[in-house]
Amino acid sequence: MSSNKDDKLNLEQQKYKDFAQQRESKRPVLTNCIKAFVIGGGVCAFGQIIQLMYIRYFGFTEKNAGDPTAATLIIISILLTGLGIYDNIAQWAGAGTAVPITGFANTISSAAIEHRSEGYVLGVGGNMFKIAGPVIVFGTFSAFAVAIIKMLLNYMGVFR
Amino acid sequence: MEKIIWAFIVGGLICVIGQIMMDVFKLTPAHTMSALVVAGAILGGLGLYEPLVKFAGAGATVPISSFGNSLLKGALEELDQHGPIGVLIGIFKLTSAGVSSAIIFGFLASLVFKPKG
Amino acid sequence: MIKGNQSFIFESKPVIISSATIAGPFEGEGPLAKDIDVIHEDVYLGQDSFEKAERMMLEQAAMKALEKAGVSKYDVGMLICGDLINQIISSSFAARTMGIPYLGIYGACSSSMEGLTIAASFIDGQKVKYVLTGASSHNCCAEKQYRYPTEYGSQKPPTSQWTVTGAGACLLASQGVGPKVTSATIGRIVDLGITDPFNMGAAMAPAAVDTIEAHFRDMNIEPDYYDIIVTGDLGSIGHKIALDKLLENGIRIPVKIFGDCGMMIYDSKKQPEVLSGGSGCASSAVTVYGHLLNRMRSGEIKKMLAVATGALHSPLTYQQKETIPCIAHAVAIEM
């Protein structure tokens, strides 16, 4: 039996897909959303507290306190990743840990730690961006695209 | 303080959007994060992300969507100063802290830690 | 001798004169721990990478099987092994240590029964006197290669499975005391369009159904011929799908004799992180070569059909939006 090259499944495959779906345990979407909300919100609230601390005690302003805050959250995530705790929290929290900047730090550090056995240059250096790569590539490219579009619209006299 | 509560709520909601992308639309975490970053850049371009930051503070700056907004903001600032080449000059201007710390401390972690499995 | 379309009867009834199983700490907390010969407390086995640990487990399983039979590795005609790592390095590097003429095989999680089938054929054809066959898998190696770095925080859906860290091996001989390999059915690739690598159970179930049906059809027997029929690693979801599909196709297997190694090797209540059950080559290898063969040796089971299932995709095919082709190999073992 060969697999269908078309995107559409043939009749037997579609029937089987329905047959299988009826017997699968469904993802608990609502529970997962609540967990993500609580943890994600918690991480952001914690970030807000850190930011206020940097403004009050370290002389940063509202404008530039975001940088040390991000760096602090990143260091904490990387520490938790290295200690083997982050993945356990993440299985529970889902997007609550993946969406904040903590998720980004976790992708880079987990990949770096994992590939240590292949050496620092090819292993760590070469694999660090395995999961974070798309975020950087698409972030950069979309910023470029939006900036160029804005520039063209301004040039053509459309105010934004 | 009020700011902390709004940070909690807005940050939580952005994470819920991410959770829906993963559970309902079956996107991988990499796809979800990339989509949120691109959304941040687009909303930044529409002038909608900065007001969110003013209102929700860390609730808007901590999620990865803020990375997209910062990339765009840097590009636009240099675009104003130096014209089109400014886009290339400015993209990583404001995101240096985040990307640099992730790389530096990620590398340091690989020196110190072993995967636990 | 070929029977029917895709089954083979081993007339000389090759004997499994010994078997050995090795596993990691998590498996040591499971219900089959007392049937595992060596349980390691450290997933690294003191090595500096997970990959080196896996190959060490396979070596240990092979050496232990030889030790139990009192046979020297120099008398073994052939070593047939498989595992999940790219280019089956655990098997090849273990074979380097063993120094036995070696055939490396890849059937994903069906490797254990694929190996046993080939081993039985060589013994039955009187080509060699002893054949050593085994398979291994390691949770961290599989996660690193197929999914994400082990410390990465991704949320696994309830349909996912947990790759077993372990290795199982058995020594097959033309004569001796022990459970006998009487027949085998070689599976065909079955692909019903499942694309989700976090739902291997649903992907592999049709292959198990196809091979089980072929076995009963070729051998002209009914399911109740066997005291137990086990699948390798369908997990709770794939197992349910297979049972229902078989029923739909007119084959009624009594629930109490139809088991799944992936569901047996872990306690899903005490070890909830396994989600729908164990997977990996070691899921069938450790359960069959340890627990189930022990039950045969004690007389509790007289006839067993072990159906190991494998998903033959790779991370590349998933990224290229391909579906997941699967296979199942069945081996009948009788006292």
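This briefing walks through a predicted model, chain by chain and contact by contact. Chain A is built from 8 helices and 0 strands. Chain B touches chain A through 60 residues of its own, and chain C touches chain A through 30 residues of its own. Inside chain C, we'll follow some strands as they pair up.

- Walk along chain A from the N terminus and the elements read α-α-α-α-α-α-α-α.
- Chain A is more spread out than a compact globule, because its radius of gyration is 22 Å, well over the 15 Å that the globule rule gives for 160 residues.
- Picture a box laid along the principal axes: the C-alpha atoms of chain A fill one of roughly 65 × 55 × 40 Å.
- As for burial, 46% of the 160 residues of chain A count as buried.
- Take the contacts in chain A with a separation of 6 or more, and 51% of them come from residues 24 or more positions apart.

**Where chain B meets chain A**

- This contact draws 60 residues from chain B and 62 residues from chain A.
- On the chain B side, the elements giving two or more residues are H1, H2, H4, H5 and helix H7 (96-112) of chain B.
- H1(B) supplies the largest share of that side, with 15 residues.
- Sort the chain B side by class and you get 40 nonpolar, 16 polar and 4 charged residues.

**Chain B and its record**

- UniProt, in an unreviewed entry, places the feature "transmembrane region" at residues 6-25, 32-49 and 85-113 of chain B.
- In the model, residues 6-25 of chain B are 90% helix and 0% strand, with the end C-alpha atoms 27 Å apart.
- Residues 85-113 of chain B come out at 79% helix and 0% strand, and there the end C-alpha atoms are 41 Å apart.

**A closer look at helix H3 of chain B**

- Helix H3 (residues 49-56) of chain B has these buried residues: B:Tyr49, B:Leu52, B:Val53 and B:Ala56.
- Look down the axis of H3(B) and its buried residues fall within an arc of 100°, so they line one face of the helix.
- B:Pro51 and B:Lys54 sit on the other side of H3(B), where they are exposed.
- What do the buried residues of H3(B) pack against? Their neighbors are helix H1 (2-23), helix H2 (29-45), helix H4 (58-61) and helix H5 (65-82) of chain B.

**Where chain C meets chain A**

- Here, chain C gives 30 residues to the contact and chain A gives 32 residues.
- The elements of chain C that put two or more residues into its side are helix H6 (200-219) and helix H7 (235-248).
- H7(C) gives the most to that side, with 4 residues.
- By class, the side of chain C that touches chain A has 13 nonpolar, 9 polar and 8 charged residues.

- Strand E7 (residues 130-137) of chain C is mostly covered, with 8 of its 8 residues buried.
- Both faces of E7(C) are covered: C:Tyr130, C:Leu132, C:Gly134 and C:Ser136 are buried on one side, and C:Val131, C:Thr133, C:Ala135 and C:Ser137 are buried on the other.
- E7(C) runs parallel to strand E5 (residues 78-83) of chain C, and 6 bridges join the two.
- In that pairing, C:Leu79 stands opposite C:Leu132 of E7(C).
- E7(C) also pairs with strand E9 (residues 166-173) of chain C, in the antiparallel sense, over 8 bridges.
- There, C:Gly134 stands opposite C:Ala169 in E9(C).

**Strand E10 of chain C and its partners**

- Strand E2 (residues 7-9) and strand E10 (residues 180-185) of chain C run antiparallel, joined by 3 bridges.
- Which residue of E10(C) is the bridge partner of C:Ser7? That partner is C:Thr185.
- E10(C) is also joined to strand E15 (residues 326-334) of chain C by 5 bridges, and these two strands run antiparallel.
- C:Thr185 turns up again in this pairing, standing opposite C:Ala330 in E15(C).

Conventions. Residues are numbered from 1 along each chain as its sequence is written. Chains are lettered from A and ligands numbered from 1 in the order in which they are written. This is a predicted model: local features need pLDDT of at least 70, side-chain atom pairs count only at pLDDT 80 or more; totals for chains, interfaces and linings use all residues. The radius of gyration is taken over C-alpha atoms; the globule rule is 2.2 Å times the number of residues to the power 0.38. A residue is buried if 20 or more other C-beta atoms lie within 10 Å of its own, exposed if 12 or fewer, and partly exposed in between; C-beta atoms are placed from the backbone. Two residues are in contact if their C-beta atoms, placed from the backbone, lie within 7 Å. Ala, Val, Leu, Ile, Met, Phe, Trp, Tyr, Cys and Pro count as nonpolar, Asp, Glu, Lys and Arg as charged, and the others, Gly among them, as polar. Two strands pair if DSSP finds at least two bridges between them. UniProt positions are given in the numbering used here, feature names are shortened, and annotations may be inferred rather than shown by experiment. The arc is that of the directions from the helix axis to the C-beta atoms.
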